[in-house]
Amino acid sequence: MKNRSRIISVLLCICMLLCICSCTNEAVPITEEPNSPGQSENVTETKAPKDTTDYSEHSFAVHYIDVGQGDAALVLCDDKTMLIDGGKPHASSIIYTYLQNLNIDYLDYIVASHADDDHIGGLSAPLAKMKVGNVLAPETEADTRSYESLKNKTAEQGLTITHPKPGESLDFGSSKIEFYGPITESESDRNNGSIVMKIIYGDTSFLFTGDAEREEEQEILSAGYDLSATVLKVGHHGSKNSTTYPFLREIMPKYAVISVGDNNYGHPTEDTLSRLRDADVKVYRTDMQGDIVATSDGKTVTVTTKKNENAQTNPTENEKSTSVQSAENAANQEICEYIGNANTKKFHYPDCGAVSQMKEKNKVYLNCTRDEAIKDGYNPCGRCNP
Ligand SMILES: [Zn+2]
Ligand SMILES: [Zn+2]
């Protein structure tokens with residue numbers, strides 16, 4: 001009898017300890033979904049010590065949509081929908097058609113990783129034509145045309161943009177989203193102000209890095225977040241300044257997706273591709289394989305591609321043919337924002353068709369803002385609408 005009461009009191013102690021521990025364990029809801037009055041209860045909702053979800057009853061997929069040079073990913077978890085970036089303005093119809101084909105007419109979340117055109121330009125159609133629950137974007141004073149449009153269309157939906165803070169998290173169906181960056185905002189460097197976030201579904205996880213480069217990667221590393229992930233959306237389309245070794249070593253992904261199209265920046269660069277090879281990561285590329293879909297059953301991730309499933313996405317030095325030289329030629333263009341024509345005084349995005357036809361001697365690499373280019377006497381090209 002004495003033994004039994006001792007056991008009971010020990011059990012009681014454990015219960016009380018568990019209570020105290022779980023009460024200090026915080027999950028921060030960053031947004032309220034419309035029409036869900038019970039949402040505020042989330043404030044006190046505690047993180048379960050062990051994930052006991054039966055994932056066989058749920059579904060999870062990430063669609064890395066081929067939008068050419070740019071980023072766009074659709075995340076589906078149970079009945080929840082999230083669009084992370086939407087490519088350039090011309091990709092707006094690609095995104096909208098993609099959503100229509102999946103019978104999606106409501107987006108719970110739109111995430112604008114940062115204010116650059118190749119990420120948020122294509123968000124205009126979904127924002128204009130569909131009902132959206134929440135819009136997330138980094139806090140920024142950016143005045144790009146695409147960002148102005150994002151702000152206006154968000155307001156037209158009766159919403160205000162939410163700025164997720166590093167350390168915050170969000171329940172998304174039976175998955176969980178954690179935000180790691182941006183830690184500091186930088187007006188002059190939009191890429192390093194990208195939202196960096198991880199979606200965790202059971203034992204699998206998906207890291208999204210926008211166009212984060214070395215500086216933001218280092219800040220996030222210093223903050224000590226658990227960055228390990230099954231699938232990495234490679235930062236800045238495979239720019240040489242992203243996916244640095246220390247960052248990659250923390251993530252240790254099994255798969256990497258590079259969202260990239262025709263470009264004059266040399267993306268994806270051999271520097272980044274070789275780091276991914278060294279880390280033994282299987283690389284998928286939207287420029288070679290079209291739309292890439294990664295599904296998870298909570299334990300394993302399966303990747304399918306629209307075309308060229310077995311394409312040599314990351315050949316070694318020996319396997320490579322001739323693509324290196326063109327990448328090197330493009331490297332000096334990598335830092336420029338626009339390309340001007342000294343002759344016509346028009347300026348273009350580097351990937352504009354007019355640039356490929358332009359005589360090399362007429363090319364002026366403009367590493368400046370749109371307004372500065374106009375101030376310098378250039379007019380925006382009517383084709384690529386920079
Ligand atoms: Zn960018
Ligand atoms: Zn980009």
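This report looks at one helix and one metal site in a predicted model.

## Helix α2 and its buried side

Let's start with α2, which covers residues 92-101. Which of its residues are buried? They are Ser92, Ile95, Tyr96, Tyr98 and Leu99. If you look down the axis of α2, these buried residues fall within an arc of 160°, so they line one face of the helix. Here's the background: an α-helix has 3.6 residues a turn, so residues three or four places apart point the same way.

What do the buried residues of α2 pack against? Their partners are the strands β1 (60-64), β2 (72-77), β3 (80-86), β4 (106-111) and β13 (292-296), along with the helix α4 (124-129). After α2 comes Asn103, which has a positive phi, near 55°.

## The zinc site

Now for the metal. Four residues coordinate the zinc ion (ligand 1): His114 through NE2, Asp116 through OD, Asn191 through OD1 and Asp211 through OD, at 2.1 to 2.2 Å. Along the chain, these donors follow the spacing H-x1-D-x74-N-x19-D. The angles among the four donor atoms run from 90 to 164°, and the site is irregular.

His114 sits in the loop between β4 and α3 (117-120), while Asp211 sits in the loop between β9 (204-208) and α6 (214-223), so the pair ties together parts that are 97 residues apart in sequence.

## Buried or exposed?

Are His114 and Asp211 buried or exposed? His114 is buried, with a relative accessible area of 2%. Asp211 is buried too, at 1% relative accessibility.

Note on methods: Residues are numbered from 1 along each chain as its sequence is written. Chains are lettered from A and ligands numbered from 1 in the order in which they are written. This is a predicted model: local features need pLDDT of at least 70, side-chain atom pairs count only at pLDDT 80 or more; totals for chains, interfaces and linings use all residues. Side-chain values use heavy atoms; hydrogens and water are left out. Buried means under 20% relative accessible area, exposed over 50%, partly exposed in between (1.4 Å probe, protein chains only). Helices (H or I, at least four residues) and strands (E, at least two) are DSSP runs, numbered from the N terminus. The arc is that of the directions from the helix axis to the C-beta atoms. Contact means heavy atoms within 4.5 Å. Donors are N, O and S atoms within 2.8 Å of the metal (3.2 Å for Na, K and Ca); water is not among the atoms, so sites may look incomplete. Four donors count as tetrahedral if all angles lie between 85 and 135 degrees; four count as square planar and six as octahedral if opposite donors are over 155 degrees apart and all others between 65 and 115; anything else is irregular.
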